[in-house]
Amino acid sequence: MRISCAGNTDVGVVRSGNEDSFLLDCAQGLFIVADGMGGHAAGEVASEMAVRIIAAELGSLRGLPDGEAGARMRSAIRKANAAIFERTLAEHEKRGMGTTATVMVLFSRRYLIGQVGDSRAYLLREGELLQLTKDHSYVQEQVDAGLLTPEQARTHPYSNVITRCVGANEDVAPDVYFGNLEQSDLVLLASDGLTGMLEDDQLAKILASEDNPERAVNRMIADANRRGGLDNITAIVVRVEEVDAITLETPVARPA
């Protein structure tokens with residue numbers, strides 16, 4: 001599989017510092033977005049630690065069956081969780097810090113995603129945008145329970161309250177998703193500083209209209225800032241340029 005990719009992060013309009021971190025490794029097919037929280041630079045520390053530890057723990061997944069690959073993903077995220085949590089206990093000023101983590105690995109014409117928090121992964125195929133991950137958030141739980149509509153959830157006063165993050169507790173349970181990829185697919189990984197500013201149809205329009213990942217990333221960040229830039233903004237776009245000739249199944253993400 002041959003891909004092209006680009007990523008960037010921006011402090012936004014309102015915040016004074018950037019607590020997002022990301023990893024873009026096109027050669028290895030590894031991509032991570034982490035949105036830190038905690039204040040006093042603690043969020044920046046948590047997101048940086050998560051990206052660094054997860055990348056080191058994952059290693060190569062090529063040739064592994066789904067079960068082992070999924071277990072490796074969960075283990076890497078949990079290792080990051082343990083290290084961040086231990087630091088919150090050892091350093092008083094770091095107490096309460098944590099981070100989201102959305103991790104994607106590409107291998108054998110497929111993707112594997114590990115997810116904690118409300119950063120997201122999307123797939124654009126033939127003009128249709130599909131959210132691959134599910135937010136670990138208060139409003140998502142209310143939507144699942146039928147108490148809020150997705151539209152109400154976007155503007156709810158607790159829309160930024162997450163129910164699961166890396167580092168806040170002794171252990172964490174990541175969600176894991178597998179799916180197939182086809183030529184011309186576009187995958188977006190983003191912090192909520194982007195998805196909170198732009199609707200899904202706006203994201204789809206930008207992804208479909210730009211001719212390369214770098215232009216798409218830059219335009220999305222610029223548009224999010226024009227609409228208020230209320231949070232740090234991070235985006236990674238991966239385009240599948242070519243896949244080996246093989247019949248692929250429907251790409252809908254499935255939890256592992």
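In this predicted model, four bridges join strand S3 to strand S5, and the two strands run antiparallel. Across this pairing, Phe31 stands opposite Met104 in S5. On to strand S6, S5 is joined by seven bridges, again in the antiparallel sense, and one of the pairs formed there sets Leu106 against its bridge partner Tyr111 in S6.

S5 and S6 form a hairpin with two residues between them, and Ser108 in the turn has a positive phi of about 50 degrees. Arg109 also belongs to the loop between S5 and S6, and its phi is near 65 degrees, a positive value in a residue other than glycine. A further case is Ser184, which lies in the loop between S9 and S10; its phi is near 80 degrees, positive although the residue is not glycine, and with a relative accessibility of 37% Ser184 counts as partly exposed.

**The nonpolar cores**

The largest nonpolar core has 30 residues, and those that touch the most other members are Ile54, Leu58, Met73, Ile77, Val103 and Leu112. At least two residues of this core come from each of strand S3 (30-37), helix H1 (42-58), helix H2 (66-90), strand S5 (101-107), strand S6 (110-116) and strand S9 (175-180). H1 gives the most, with nine residues. A second, separate core of 21 residues includes Leu203, Ile206, Ala216 and Ile221. In soluble globular proteins, nonpolar side chains tend to be buried together.

Leu112 illustrates how residues from separate parts of the chain are brought together: leaving aside its neighbours within four places in sequence, Leu112 is in contact with Leu61, Ala69, Gly70, Met73, Val103, Met104, Val105, Phe107, Val176, Tyr177 and Phe178.

**Helices H1 and H2**

The axes of H1 and H2 come within 8 Å and cross at roughly 145 degrees, and the crossing in which H1 passes H2 is right-handed. On the H1 side the contact is made by Val45, Ala46, Met49, Ala50, Ile53, Ile54, Glu57 and Leu58, and on the H2 side by Arg72, Met73, Ala76, Ile77, Lys79, Ala80, Ala83, Ile84 and Arg87. By type, the residues of this contact divide into 13 nonpolar, no polar and four charged.

**The five-stranded sheet**

An open sheet of five strands has the order S1-S11-S10-S7-S8, with antiparallel pairing. Strand S1 (2-10) and strand S8 (128-131) stand at its edges, each with a single partner strand, so one side of each is left without a neighbour in the sheet. Direction ignored, neighbouring strands of this sheet are turned by 15 degrees against each other on average. Within the sheet, strand S7 (residues 120-125) pairs with S8 in the antiparallel sense over four bridges, and Leu123 stands opposite Leu130 in S8.

| Helix | Residues | Strands | Angle |
|---|---|---|---|
| H6 | 200-209 | lies across S7, S8, S10 and S11 | about 55 degrees to S7 |
| H7 | 213-226 | touches S1, S10 and S11 | about 25 degrees with S1 |

Pro213 has its place in helix H7 and, at 6% relative accessibility, counts as buried. Although Pro213 and Ser4 are 209 residues apart in sequence, they are 7.1 Å apart in space, C-alpha to C-alpha. Not counting residues up to four places away in sequence, Pro213 touches Ser4, Cys5, Ala6, Val237 and Arg239.

Asn81 has its place in helix H2, and at 0% relative accessibility this residue counts as buried, because the limit is under 20%. With residues up to four places away in sequence left out, Asn81 touches Cys165, Val166, Gly167, Ala168, Asn169, Glu170, Asp171 and Val172.

Conventions
Residues are numbered from 1 along each chain as its sequence is written. This is a predicted model: local features need pLDDT of at least 70, side-chain atom pairs count only at pLDDT 80 or more; totals for chains, interfaces and linings use all residues. Side-chain values use heavy atoms; hydrogens and water are left out. A nonpolar core is a set of buried Ala, Val, Leu, Ile, Met, Phe, Trp, Tyr and Cys residues joined through side-chain atoms within 4.5 Å. Buried means under 20% relative accessible area, exposed over 50%, partly exposed in between (1.4 Å probe, protein chains only). Contact means heavy atoms within 4.5 Å. Axes are lines fitted to C-alpha atoms, for helices over the stretch in contact, and angles run from 0 to 180 degrees between N-to-C directions. A crossing is left-handed if the near helix is turned anticlockwise from the far one by less than a right angle, and right-handed if clockwise. Ala, Val, Leu, Ile, Met, Phe, Trp, Tyr, Cys and Pro count as nonpolar, Asp, Glu, Lys and Arg as charged, and the others, Gly among them, as polar. Two strands pair if DSSP finds at least two bridges between them.
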